[in-house]
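Dear colleague,

Please find below the structure that I am handing over to you. My notes on what was found in it follow directly after.

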There are 2 protein chains.
Amino acid sequence: MSLRQLTIIGTGLIGGSFGLALKKRGFAGTIVGCDRGAILEHAQSIGAIDVARVNPVEAILGSQVVLLATPVGSIIEMIRNLGPAITDDVLLTDVGSTKLEIVAQARHIFGADYDHRFLPGHPIAGKEHSGIEFADPDLFQGALWYFTPDINREPTTLAREFAGLVGCVGAHIAAIDPAEHDRLCAWTSHLPQMLSTALAASLVEEFGPDARLLENGGRALTEMTRIAGSPYSMWRDIALTNQENLSDALLKVEQRLAHIRENLKTRELESEFDQAHKLRNT
Amino acid sequence: MSLRQLTIIGTGLIGGSFGLALKKRGFAGTIVGCDRGAILEHAQSIGAIDVARVNPVEAILGSQVVLLATPVGSIIEMIRNLGPAITDDVLLTDVGSTKLEIVAQARHIFGADYDHRFLPGHPIAGKEHSGIEFADPDLFQGALWYFTPDINREPTTLAREFAGLVGCVGAHIAAIDPAEHDRLCAWTSHLPQMLSTALAASLVEEFGPDARLLENGGRALTEMTRIAGSPYSMWRDIALTNQENLSDALLKVEQRLAHIRENLKTRELESEFDQAHKLRNT
């Protein structure tokens, strides 16, 4: 493997976990981390990174792969500001939760070179809490890690090597079109988040923040409201960059809830349960 | 303890688990089960009951306590049909998920004797699958078990003894007014169920039943759709007997989702996340 140095920009939950995961699986190269000082100190103290650099331009020096692991808005900004400083023998990749706007920015910055210089990625992994404090070397074990490359081009050697690392930390790789990715994630990730947030916010409004609600609802309520703890900073960017798909999904669920509400006493409720029971994991 | 014989009518997930739990904690009395033949055979084979009776009138003979552990509609019917056959030294209790209509029926049948003959109960325990196959002796460990008695009366000796058994299987007992119970459960249990059902049904409509959706959504989607597998037979009765509270909760969440949808690009989304973050478990 020729990958001797990797830079992770954003050493929070995802970036920090990726560093820890690589170290745990024996990655022999150097991992440079880039973030705010206190976060880098924490990341270095737990062994997620070898070298700490606050300045991104310094952080990318000498690395063959640069992984952008910040919220989507900051990834887009980073591609614009950092892209021109990255030499064309370096692979830039990311972990952004939406892909269309990121891909558009990378195409704009890298032009004809786009598909051998940028590999858009998205690991389906996370927690309801963000930050390096929650980093976990096994976060990607068994998780899906999407790539949305230009399918008409052969992947570069570096892209293959990076995909090898992703497999090495336990993730399953899948390729998907960026537009289809954003629609799928609107339904399977962004919609569930908004449902959980709406449920938790409604409960607080109805009963006040000090009500002992979670024990009243048992395991089901705890599960349904777990991701309501997710940080706005991440979801703001997702909502901004996937608004159309998410609006569509939300509207359809609102209509379905209204249908359920209007049919609490009819057999229509049964057909809703029958339809829901068809959801399978195979 | 004078409780020598207990009848469980409905030996499915809840009734069967209660029998198993009592046996595991060394209950020395006889447990009579009443259900359909095949279910009783299963319940007896795993040791959840000692004696099997298909006929409820035979099943209650000689028992000091009769526990109704069927869906709410059947509990109401059972109180009407079986109530007059139960002698006044026997305690009738139930595990119904809504309490107002059950209490109204018991008051109607038992009249002035109501509060020493009937103890309305509701364990906050369950699974997404029903049936004796899923019975679990530890189902009630750490769970809340609500009673909604007439607070102006002293509990009878039998009611105290039954509450002792409930504590013995690991549940925490709490008393609550039946109307407040139904409103609270509409929000903390019935609303989350309908959200999960609506999410799962929408996903099936959008992507078809064979899409590998759950792995795309990771842990969050799995949790958000787990209870979508719950049986309609149980939820039909809950929806019928708690329609007003549930309608109110559904309407408020629909409005909140619409507000979120209309504000995906504004700071209003932040205040929804802030409000949701206030939900606490203390």
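In these notes, contact means heavy atoms within 4.5 Å. Please also keep in mind that this is a predicted model.

I begin with helix H10 (residues 232-241) of chain A, in which A:Tyr232, A:Trp235, A:Asp237, A:Ile238, A:Ala239 and A:Thr241 are buried. The cover over these buried residues includes helix H4 (72-82), helix H5 (100-110), H8 and helix H11 (243-262) of chain A, and it also includes helix H12 (268-277) of chain B.

The corresponding name in chain A, helix H12 (residues 268-277), contains A:Glu272. With a relative accessibility of 7%, A:Glu272 counts as buried. Leaving aside residues up to four places away in sequence, A:Glu272 touches A:Arg256, A:His259 and A:Ile260, as well as B:Thr197 and B:Ala201.

Helix H9 (residues 213-226) of chain A deserves a separate paragraph. Its 14 residues would reach 20 Å in a straight helix at 1.5 Å a residue, but the end C-alpha atoms are only 13 Å apart. H9(A) has a kink of about 105°, centred on A:Arg219. Eleven of the 14 residues of H9(A) are buried, so this helix is largely enclosed by the rest of the structure. Among them are A:Leu213, A:Asn216, A:Gly218, A:Glu223 and A:Arg226. Helix H8 (178-207) of chain A is part of what covers them, together with strand E8 (144-147), helix H8 (178-207) and helix H9 (213-226) of chain B.

This leads to the contact between the chains. Chain A and chain B each contribute 81 residues to it. Between them, the two chains bury about 8000 Å², 67% of it on carbon and sulfur atoms. Ten salt bridges are counted between chain B and chain A. A:Glu223 forms a salt bridge with B:Arg226, with the closest N and O atoms 2.7 Å apart.

Over all chains, the whole structure holds 36 salt bridges. In one of them, A:Asp50 pairs with A:Lys23, the closest N and O atoms being 2.6 Å apart. A:Asp50 lies in the loop between helix H2 (37-45) and strand E3 (51-53) of chain A, and A:Lys23 lies in helix H1 of chain A, so the pair ties together parts that are 27 residues apart in sequence. A:Asp50 is partly exposed, at a relative accessible area of 33%, and A:Lys23 is partly exposed at 26%.

In chain B, the side chains of B:Glu154 and B:Arg160 meet in a salt bridge (3.1 Å, N to O). B:Glu154 counts as exposed, at 63% relative accessibility. Salt bridges that share partners also join A:Glu180, A:Arg183, A:Asp248, A:Lys252 and B:Glu206 into one network.

Finally, I turn to the aromatic residues. The structure holds 20 aromatic pairs over all chains. A:Phe18 and A:Trp145 form a tilted pair, 5.4 Å centre to centre with 55° between the planes. A:Phe18 lies in helix H1 (residues 13-24) and A:Trp145 in strand E8 (residues 144-147) of chain A, so this pair ties together parts that are 127 residues apart in sequence. A:Phe18 is buried, with a relative accessible area of 1%, and A:Trp145 is buried at 0%. A:Trp145 also forms a tilted pair with A:Phe140, at 5.3 Å centre to centre and 45° between the planes. One aromatic cluster is formed by A:Phe18, A:Phe140, A:Trp145, A:Phe147 and A:Phe162.

With kind regards

Methods. Residues numbered from 1 in each chain as written. Chains lettered and ligands numbered in written order. Predicted model: local features only at pLDDT ≥ 70, side-chain atom pairs only at ≥ 80, totals over all residues. Heavy atoms only, no water. Phe/Tyr/Trp six-rings, centres within 6.5 Å; stacked < 30°, edge-to-face > 60°. Helix = DSSP H or I, 4+ residues; strand = E, 2+ residues; numbered from the N terminus. Buried < 20%, exposed > 50% of the residue type's maximum accessible area, 1.4 Å probe, protein only. Expected span 1.5 Å × (residues − 1). Bend = angle between axes of the 7 residues up to and from the residue. Buried area = accessible area lost by both parts, 1.4 Å probe. Salt bridge = Lys/Arg side-chain N within 4 Å of Asp/Glu carboxyl O.
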